Amino acid sequence: MKKHITGLNGKEHIFYLVKENGVIGHHTVLNKETHSHSVSCLTDCIFYLIPKRIFALILERDKNILSRLLKGFSHEFDVFIINSKILAQHNVRERTAISIPKLEHFFNENHSFTLSRKDHSNLIGTSVESF
């Protein structure tokens, strides 16, 4: 799955890829705000929806799950910071070169699929034509 935002110009920016068995939707549940981003499936997916009150009870009663969730937040934040730095400090060719081994590791680890050219360009912050 990909977490992304769409700008006023309709351009999509992918800022995080979610691994198989990943958790989504927890940001909005925990901060009680409207959604700030969208999630789209890159392959067929099965979702398990957990009602907010049950999710809150699980976090309250199971500190192991709470700890794993906090580690997930930390990881996502680190990825966001690193990707922001890459977008700000590297040109398109360099961002493409940096992204290829990262994507290869991500997809090989998940025994998954290849990313479309459009999604890859949206991930590295460029247009398909520049890519």
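**Notebook: a predicted protein chain**

**Entry 1: Phe55.** I placed Phe55 in helix 2, residues 52-61. Helices (H or I, at least four residues) and strands (E, at least two) are DSSP runs, numbered from the N terminus. Phe55 counts as buried because its relative accessibility is 14%; buried means under 20% relative accessible area, exposed over 50%, and partly exposed in between, with a 1.4 Å probe and protein chains only. I also looked up Val29, 26 residues along the chain from Phe55, and the two C-alpha atoms are separated by 8.7 Å.

**Entry 2: conventions.** I noted that residues are numbered from 1 along each chain as its sequence is written, and that side-chain values use heavy atoms, with hydrogens and water left out. As the model is predicted, local features need pLDDT of at least 70 and side-chain atom pairs count only at pLDDT 80 or more, while totals for chains, interfaces and linings use all residues.

**Entry 3: the whole chain.** I recorded five helices and three strands in the protein chain. Their order from the N terminus on is β-β-α-β-α-α-α-α. The C-alpha trace spans about 50 × 35 × 30 Å along its principal axes. The chain has 131 residues, and buried residues make up 24% of them. Among contacts between residues at least 6 apart in sequence, 54% join residues at least 24 apart.

**Entry 4: Lys2.** I found Lys2 in strand 1, residues 2-6. Its relative accessibility is 8%, so Lys2 counts as buried. The side chain of Lys2 makes a polar contact with the side chain of Asp119, at 2.8 Å. A polar contact is a pair of N or O atoms within 3.5 Å; within protein, one must be able to donate a hydrogen and the other to accept it, and residues adjacent in sequence count only if both atoms are side-chain atoms. Beyond its neighbours within four places in sequence, Lys2 is in contact with residues including Glu12, Ile14, Tyr16 and Leu17.

Entry 5: I listed the largest nonpolar core, seven residues in number: Ile14, Leu17, Leu103, Phe106, Phe107, Leu115 and Leu123. Such a core is a set of buried Ala, Val, Leu, Ile, Met, Phe, Trp, Tyr and Cys residues joined through side-chain atoms within 4.5 Å. Strand 2 and helix 4 (92-109) are the elements that give two or more residues to this core, and helix 4 gives the most, with three. In soluble globular proteins, nonpolar side chains tend to be buried together. Setting aside neighbours within four places in sequence, I saw that Ile14 is in contact with Lys2, Lys3, His4, Asp119, Asn122 and Leu123. I then turned to helix 5, residues 117-124, which is largely enclosed by the rest of the structure because six of its eight residues are buried. The buried residues of helix 5 are Asp119, His120, Ser121, Asn122, Leu123 and Ile124. Gly125 follows helix 5 and has a positive phi, near 75 degrees.

Technical notes: Contact means heavy atoms within 4.5 Å.
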